Amino acid sequence: MPAGVGNPPQTDQTTREFPLLAALRRDFTWGVSTSSFQIEGAAHEDGRGPSVWDTYCQKGLVANHDTGDIACDHYHRYAEDIALMQRLGVQAYRFSVAWPRVLPQGRGTLNELGLQFYDRLIDALLAAGIEPWLCLYHWDMPQVLDDLGGWTTRDVVSWFTDYAALVAGRYGDRVKRFATFNEPSIFTLFGHGFGDGKRDISGVNSLHRAVHHVNLAHGAAVDAVRARVPGASIGAIHNFQMCLPSTLADAEAAKHCDLYWNRAFPDPQCLGTYPDRIQRALEPHMQTGDLARIRRPLDWFGVNHYGPTYVKADPNARLGFGIGPKPPDIPATPIGWPIVPEKFRETLLRVAKAYGLPIYVLENGLGGHDKPDEKGAVVDNERIAYLRDYIGALNEAVSAGADIRGYFVWSLLDNFEWDSGYSVRFGITYVDFPTQRRIPKASFHWYRDLIKRARAQADG
Ligand code: FCB
C-alpha cells in the first residue's frame with residue numbers, strides 16, 4: 001500500500017475531539033519537524049563524513065546498540081515522505097542539514113553529492129507546495145571538528161560561519177526560513193554540564209566555553225545567512241520548559257537550572273546579556289564586543305516544548321543540580337515525560353513577554369512504544385490526547401496575548417531517538433524499520449483533520 005493511503009484506524013470518542021483554535025491567526029503555519037541524523041541514514045554513502053553521533057553509536061552507548069546508519073532511510077525515501085506531508089496538508093517542513101554530509105572534514109572541501117541531496121529534497125518540497133524550514137545544526141557535528149575541540153574551542157565560530165555561508169549560498173534562492181541551532185541548551189548541558197564534578201573538574205569550564213562559542217556561532221551565522229539570502233527569515237530554536245523543583249527543598253536548584261536550560265542562549269541572543277551568574281562564570285572566555293556579536297536581529301523565536309523539567313539539588317553534580325523525579329500526582333507519557341499543558345501555556349507567555357519576538361512552536365509531541373494491532377493499524381490515542389491538550393494550551397496562550405505563528409509536530413516519522421535509539425517512537429507515522437514501511441498512525445489522521453478544520457476556519 002502506498003504511504004498515507006488507507007482508512008483512519010478507529011479511535012475512541014474522546015480522541016476524536018479537537019481543541020479550540022479560535023484565537024489563531026489566519027496565516028498560522030502547520031508543520032512537522034525532523035532532523036538529519038535521526039532520519040537520513042545513508043551514513044556511509046556519497047562521501048558523508050562521520051559525525052559525533054556515529055562515534056557515540058559505535059561506542060555502544062545507545063540502547064540496543066542502535067546506530068543511525070540506516071535510520072528511516074529518508075536519504076532514499078524522501079519523495080515518499082514528502083507524499084506523506086502532502087497528505088497531511090502541512091504548509092511547512094522543518095529539517096536539518098547534516099554538516100558532515102556537505103563538508104565531510106567539517107571545513108574545506110565540500111561534498112557535491114551531499115549538497116545535491118538537499119537540492120533534491122528542497123526542490124521536491126517546493127514542488128509539493130511545502131515550505132522548507134532549514135535548521136543548520138541539530139547536533140551532528142563532524143567528528144573531525146570535535147577531535148579539534150568542538151564547541152569548546154573558539155575556532156568553531158569560524159568553522160560554523162563558513163558552513164552556514166555555504167548552506168545559505170547554495171539553497172538561499174529557494175529557502176527563506178533558516179534556524180541556526182536546535183536546542184543549544186540541551187546539547188551543551190547534556191554534553192558538558194550534567195555529571196559528577198569530582199571526576200571531571202574541567203566539565204564546568206568546558207560547558208561555559210561551549211555555551212559562549214555556540215552563542216557566538218549563532219550571531220555570526222545570522223549575519224552570514226542575512227548577507228546571502230534576500231528576504232531571509234531567521235531564528236534559533238530553544239528547548240524551553242519551566243524548571244520546577246522535584247520537592248520543596250529543590251527550589252534553589254530549579255532556579256539555577258532555569259538559567260542554563262532556558263536563559264543561557266535566548267538572553268544573549270535576544271537581549272544582549274547573560275544572566276549574572278552565568279556571566280561571572282563566562283568572563284574568562286569572553287572578549288570585548290562579544291555580546292554585540294551574539295545579539296543580531298532575529299525574525300522569530302523557535303520553541304520546542306514537551307513538558308516541564310523537574311529538578312533536584314545534587315551536591316555531587318557539576319552544577320549542583322540534576323534532573324529529578326516528577327511528583328507522583330503528575331501524569332506522564334509512556335516514556336515518563338511529565339504532561340502538564342498549563343505549563344506549555346505559561347512557557348509560551350513567558351517567552352512572548354521576555355523576548356518580544358513572534359513565536360513558532362517547532363517541536364511538540366509524545367514518545368511511546370507504539371505497535372501495530374492485529375489489523376496492522378497503529379491506534380495511538382495517548383498521543384492524540386496529548387496533542388489535543390497541548391494545541392489547546394497554545395490557543396489559550398494566543399488568547400492571552402502571545403504572538404504565536406505556527407506549530408510543528410515532532411515528528412513526521414518514528415526515528416532514531418538519540419540515547420534511546422529506535423526503542424522510543426515519536427512519529428505520527430509508524431516506521432517498520434526492518435522493511436521501512438510507513439504506516440500513518442491514528443494521530444496522523446487526527447492531525448490531518450485538525451489542519452483541515454483550522455484552514456477551513458481561516459478561509460471562512
Ligand atoms: C528534542 C530534540 C529532537 C527529539 C525530541 C524528542 O529535544 O530536538 O531531536 O529527539 O526531543
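Gly-401, which follows helix α15, has a positive phi, near 115 degrees. The structure described here is a predicted model. Helix α15 itself covers residues 381-399.

## Packing of α14 against α15

Two packed helices are described by the angle between their axes and the distance between the axes. The axes of helix α14 (residues 341-355) and α15 come within 8 Å, and they cross at roughly 35 degrees. The crossing of this pair, α14 with α15, is right-handed.

On the α14 side, the contact is made by Pro-341, Phe-344, Arg-345, Leu-348 and Leu-349. These residues meet Asp-389, Tyr-390, Ala-393, Leu-394, Glu-396 and Ala-397 of α15. Classified by residue type, the contact of α14 with α15 comprises 8 nonpolar and 3 charged residues, with no polar ones. An α-helix has 3.6 residues a turn, so residues three or four places apart point the same way.

## Strand β3 and its parallel neighbours

Strand β3 (residues 131-137) is mostly covered, with 6 of its 7 residues buried. Strands of a sheet pair through backbone hydrogen bonds, in either a parallel or an antiparallel arrangement. Strand β2 (residues 92-96) runs parallel to β3 and is joined to it by 5 bridges; Tyr-93 stands opposite Pro-132 in β3.

Strand β3 also pairs with strand β4 (residues 177-182), again in the parallel sense, over 4 bridges. Leu-134 stands opposite Phe-178 in β4.

An open sheet is formed by 3 strands in the order β6-β8-β9, with mixed pairing. Its edge strands are β6 (243-245) and β9 (321-323), each of which pairs on one side only. From one strand to the next, the twist averages 45 degrees.

Strand β8 (residues 309-313) and β9 run antiparallel and are joined by 3 bridges. Within this pairing, Val-311 stands opposite Ile-323 in β9. Helix α10 (residues 251-263) packs on the sheet and touches β6, β8 and β9. The direction of α10 makes about 170 degrees with that of β6.

Terms used:
Residues numbered from 1 in each chain as written. Predicted model: local features only at pLDDT ≥ 70, side-chain atom pairs only at ≥ 80, totals over all residues. Heavy atoms only, no water. Helix = DSSP H or I, 4+ residues; strand = E, 2+ residues; numbered from the N terminus. Expected span 1.5 Å × (residues − 1). Buried < 20%, exposed > 50% of the residue type's maximum accessible area, 1.4 Å probe, protein only. Pairing = 2+ DSSP bridges. Axes fitted to C-alpha atoms, helices over the stretch in contact; angles between N-to-C directions. Contact = heavy atoms within 4.5 Å. Left-handed = near helix turned anticlockwise from the far one by under 90°. Nonpolar A, V, L, I, M, F, W, Y, C, P; charged D, E, K, R; others polar.
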